[in-house]
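Welcome! Have a look around, then read on.

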Amino acid sequence: MSNTKLFFISIGIIALLAGVPHITANLSYANTTEIVETPKEKIISEVTEAEPFEEEETINESPFLGKWRASFNYDGTMGYMIVRITSKKGKMVGHIIAYEDDLGNSEGAKDLVLQFKKEKKSGWSAIYTTEYENETYQIPCTVKLLSPSQLQLSYDYYGFSDIETWTKEK
Amino acid sequence: MVALLAKELEWIDVQYWFSIFNDWSLVYVILPFFVFELIRYTVLKRMTMDLIKDSIANAITFVAFVSIEYILGILAVTKLYFWVHEHVSLPHLPLNWITIICCILLADFAYYWDHRMMHRIGIGWATHAVHHSSPHFNMSVAYRFGPMDAIFPILFSIPIVMLGFDPILVLLSEVFVQVFQTLLHTEVIKKFPKPIEYIFNTPSHHRVHHGSNRQYWDKNYAGMLIIWDRMLGTFEPEVEEVRYGIDKPVDSTNPITIFLHGLQRLVKQMKKTEGIGNKLKLLIKPPGWEPK
C-alpha cells in the first residue's frame, strides 16, 4: 500500500474519531440554555461575604457542616477561602463563600469546591474542585475530621499530591 | 441514545470503571489465566526449566520497564501532557461516553502506528525486539518489555491530547488497550467465531504477530481492533503453525541480557558501519538495513 494511501486513510480515521465527540459536544452546548461564565477574578477587594445561600435542608448534625477556613496560593497570591459545607437532599457539598487576605479584606464568592460522595473507614471520599493554570480540575480526595475544629483534605492526583488542613470558623 | 452517550459523567465514576479493567484484571484474569497455562504446560509435558526462567525474566524486564515508565510518567504526564492540553489543544472535550469511546479507539489507532513504527525503524526494533525474543507464548510474555518501550508511545498520545481529549483519559485509554493486548498472549484459545476474528484482535492474530515464520513478519500490529491491519494492509491470518521468537534468537534467560540485547546489537552494528550518515540511518531505517 502506498504511503499516500496510508496517510489519507489514517487522517480519515483520526478526523472521524476526533470529529464525532467535538460535533456532539457542540450540539449539546447548542441545545442547552446560554451559559454566562462569570470571570473568576482573584483580586482581593473590600467586599464582604457574598449574599447568603438559600436556606438548605439539614438532615443531621454532621460535624462537617458549617464554615471552614482554608489557605490558598493562587499564582503566588496567598490568602484564605471560607467554605460553607451544607447538606441538601442528603448530600453534603462545600461552596466557597468568600476569599480573604491577611489583612482581613474579603471578596464574596459562591463556587462549588467540595462534593462529598461516600463514607469510608478512613473518612469521606469526595470530589475537590480546584483550578490550576486557568483549568478546572475535579480531583478525587479524602476528607476526614482531625478534631471537631479541624478537617483534613488529602489527594494524590497523578503526581499532584497535597494534604490541606481546614479550621472551623465560629 | 445520543443524549445518553453525550450525558456528562463524573471523573470518580469513570476512574472507578477503568480501574476495574486496567488495574484489577491482573488479579481476576491475567494471573489465574497464567496459572492455568502453567498447568496446561505440565499436562502437555511442555513444562521446562527454560520456560520457568523465561517467565521470571519476563517479570524482571517488566519491573525495569515500569521503573522507566514511572520516571517518564512524572515528566510527561504532569508536565508535558498538561502543557499541551492547556496550550496547543482543540477545545477541551466534555467527559461523556462518546468522548471515552472515541478516545479508546484513537488510543488503539495510535497503538497500531506506534507498534508499526517500533517494527519498522532500527531504534524502535532495538527496544521492541525484547518483547518478541521469547521462544514461548504465554501471558508472561506480555510483560516482557524493552528499555525504550515507554518512550515511543508518548509521540503518539500527545496528538490525541492536542485533539482536545483530557490527558488523564488518554492515559487510561492507553492502559486499557495495553491490558486488552496482554490478554492476547496465549496458546490456550485457538480461534473465536468469525465475526469476532474479523473485527477484534484475538490470540490467533497475535500469535501470527509473534511468529518468526517469514510470512508472519511485520503483520498484525493491532492492539484491540484488527480492522486497522485489514485497512492498512498488514493483516495476515494464522494458517501455518507459528514458530515464536526472532530470526536471530537471544538464547538466554538472563533478564539483563534479554532487556539490553536489542540495543547491544544496534550499537554493534553501528560500530561496524562506516560513515556518520550511515550510522544514523541505522536508527531510522528498517531493521536489517545495510548501506549499499
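Leaving out residues up to four places away in sequence, Ala150(B) touches Phe65(B), Glu69(B) and Leu72(B). You will find Ala150(B) in the loop between α6 and α7 of chain B. Its relative accessibility is 5%, and since buried means under 20%, Ala150(B) counts as buried. Along the chain, Ala150(B) and Val188(B) are 38 residues apart, and their C-alpha atoms are separated by 28 Å. Please keep in mind throughout that this is a predicted model.

**Around helix α7 of chain B**

Helix α7 of chain B covers residues 152–162. Which of its residues are buried? They are Phe152(B), Ile154(B), Ser157(B), Ile158(B), Ile160(B) and Val161(B). Just after α7(B) comes Gly164(B), with a positive phi of about 105°.

The table puts their geometry side by side.

| Helix pair | Axis separation | Crossing angle |
|---|---|---|
| α6(B) (residues 122–132) and α12(B) (residues 255–272) | within 6 Å | roughly 155° |
| α5(B) (residues 97–120) and α8(B) (residues 167–182) | 8 Å | about 60° |

Take α6(B) and α12(B) to start with. Their axes cross at roughly 155°, and angles over 145 degrees count as roughly antiparallel, so α6(B) and α12(B) are roughly antiparallel to each other. The crossing of α6(B) past α12(B) is right-handed. On the α6(B) side, the contact is made by Gly122(B), Ile123(B), Ala126(B), Ala129(B) and Val130(B). They meet Ile258(B), Phe259(B), His261(B), Gly262(B), Leu263(B) and Leu266(B) in α12(B). How many of the residues in this contact of α6(B) with α12(B) are nonpolar, polar and charged? Eight are nonpolar, three are polar and none is charged.

Now turn to α5(B) and α8(B), which pack at an angle of about 60°. That angle makes α5(B) oblique to α8(B). The crossing of α5(B) and α8(B) is right-handed. From α5(B), the residues taking part are Thr99(B), Ile100(B), Cys103(B), Ile104(B), Ala107(B), Asp108(B) and Tyr111(B). Their partners in α8(B) are Leu169(B), Val170(B), Ser173(B), Glu174(B), Phe176(B), Val177(B), Gln178(B) and Gln181(B). In this contact of α5(B) with α8(B), nine residues are nonpolar, four are polar and two are charged.

**Loops worth a visit in chain B**

Several loops of chain B deserve a stop as well. Ser212(B) lies in the loop between α10 (203–209) and α11 (227–232) of chain B. Is Ser212(B) buried or exposed? With a relative accessible area of 16%, Ser212(B) is buried. Leaving aside neighbours within four places in sequence, Ser212(B) is in contact with Trp217(B), Arg243(B), Tyr244(B), Gly245(B) and Ile246(B).

Backbone angles give us another pair of residues to look at. Most residues other than glycine have a negative phi. Lys45(B), however, has a positive phi near 60°. Lys45(B) sits in the loop between α3 (25–43) and α4 (49–87) of chain B, and at 76% relative accessibility it counts as exposed. Asp251(B) also has a positive phi, near 55°. The loop between α11 and α12 of chain B is where Asp251(B) belongs, and with a relative accessible area of 73% Asp251(B) is exposed.

**Over to chain A**

What does the secondary structure of chain A come to? The answer is one helix and eight strands. Read from the N terminus on, the elements run α-β-β-β-β-β-β-β-β. Chain A has 170 residues, of which 38% count as buried. Among contacts in chain A between residues at least 6 apart in sequence, 36% join residues at least 24 apart.

The domain assignment of chain A gives domain 1 (1–36) and domain 2 (66–168). Between the C-alpha centres of these two domains of chain A there are 36 Å.

Our last stop is Ser147(A), in strand β6 (residues 135–147) of chain A. Ser147(A) is partly exposed, with a relative accessible area of 24%. Ser147(A) and Lys117(A) are 30 residues apart in sequence and 21 Å apart in space, C-alpha to C-alpha.

Technical notes: Residues are numbered from 1 along each chain as its sequence is written. Chains are lettered from A and ligands numbered from 1 in the order in which they are written. This is a predicted model: local features need pLDDT of at least 70, side-chain atom pairs count only at pLDDT 80 or more; totals for chains, interfaces and linings use all residues. Side-chain values use heavy atoms; hydrogens and water are left out. Axes are lines fitted to C-alpha atoms, for helices over the stretch in contact, and angles run from 0 to 180 degrees between N-to-C directions. Helices (H or I, at least four residues) and strands (E, at least two) are DSSP runs, numbered from the N terminus. Angles under 35 degrees count as roughly parallel, over 145 as roughly antiparallel, 65 to 115 as roughly perpendicular and the rest as oblique. A crossing is left-handed if the near helix is turned anticlockwise from the far one by less than a right angle, and right-handed if clockwise. Contact means heavy atoms within 4.5 Å. Ala, Val, Leu, Ile, Met, Phe, Trp, Tyr, Cys and Pro count as nonpolar, Asp, Glu, Lys and Arg as charged, and the others, Gly among them, as polar. Buried means under 20% relative accessible area, exposed over 50%, partly exposed in between (1.4 Å probe, protein chains only). Domain bounds come from an automatic or database domain assignment.
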